[in-house]
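Open the model in your viewer and keep the selection tool at hand. The stops below say what to select and what is found there.

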Amino acid sequence: MPQTITETRAAVETQSEAGTQPALEEQGTLAVSADDFSALEERVKRAVDLVKQERKARAEAEARAKKAEEQLHVQLPAVAQLQSEVSALRAERDQVRQRVDRLLKQLDALEL
């Protein structure tokens with residue numbers, strides 16, 4: 001009756017502790033076919049490659065994020081300055097609009 005790998009390992013460890021060597025037939029249950037081992041090896045290699053790719057992608061993303069934060073800190077003063085200029089220009093536009101309205105009212109008053 002086939003044993004699981006865990007059961008076989010336990011049996012081998014028990015025999016090793018008792019000082020006896022397991023027979024080759026008993027060790028055969030531990031053996032994994034070459035195809036199974038190759039498939040497992042390939043899966044492990046793919047997993048390792050995937051982890052490497054993910055770590056590389058993470059490092060690149062962190063570097064891009066750090067660069068973006070640095071650019072943000074550099075550009076914040078310029079943004080603040082532009083916002084104040086826009087506010088000043090809007091106030092000036094409102095003043096000009098008021099002056100033009102007054103002038104138009106004066107012209108309308110002259111035509112009467």
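**Stop 1**

Select Arg93, which is partly exposed, with a relative accessible area of 45%. This is a predicted model, and the values in this tour are computed from it.

Arg93 and Asp94 form a salt bridge, with their closest N and O atoms 3.9 Å apart. Asp94 is also partly exposed, at 32% relative accessible area.

Arg97 and Asp94 both sit in helix H3, 3 residues apart, or about one turn of the helix. Arg97 has a relative accessible area of 46%, so it counts as partly exposed. Taken together, Arg93, Asp94 and Arg97 are linked in a network of salt bridges.

**Stop 2: another charged pair**

How many salt bridges does a search of the whole structure find? The search finds 3. One of them is still to be visited: select Arg58 and Glu62, whose side chains meet at 3.1 Å, N to O. Arg58 and Glu62 are 4 residues apart in helix H3, so about one helical turn separates them.

Is Arg58 buried or exposed? With 59% relative accessibility, Arg58 counts as exposed, because the cut-off for exposed is over 50%. Glu62, at 46%, is partly exposed.

**Stop 3: a nonpolar patch**

Clear the selection and pick Val96, Val100, Leu104, Leu107 and Leu110. These residues make a nonpolar surface patch of about 470 Å². Keep Val100 highlighted: it is found in helix H3, which covers residues 34–111. Val100 is partly exposed, with a relative accessible area of 39%.

**Stop 4: the whole chain**

Show the cartoon for the whole protein.

Finally, colour the residues by burial. Of the 112 residues in the protein, 3% are buried; buried here means under 20% relative accessible area. Val100, at 39%, is therefore not among the buried residues.

How values were computed: Residues are numbered from 1 along each chain as its sequence is written. This is a predicted model: local features need pLDDT of at least 70, side-chain atom pairs count only at pLDDT 80 or more; totals for chains, interfaces and linings use all residues. Side-chain values use heavy atoms; hydrogens and water are left out. Buried means under 20% relative accessible area, exposed over 50%, partly exposed in between (1.4 Å probe, protein chains only). Patches are made of residues with over 30% relative accessible area and no salt bridge: like charges are joined within 9 Å, nonpolar side chains (Val, Leu, Ile, Met, Phe, Trp, Tyr) within 5 Å. Accessible areas come from the Shrake-Rupley method with a 1.4 Å probe; for residues, only the protein chains shown count as cover. A salt bridge is a side-chain nitrogen of Lys or Arg within 4 Å of a carboxyl oxygen of Asp or Glu. Helices (H or I, at least four residues) and strands (E, at least two) are DSSP runs, numbered from the N terminus.
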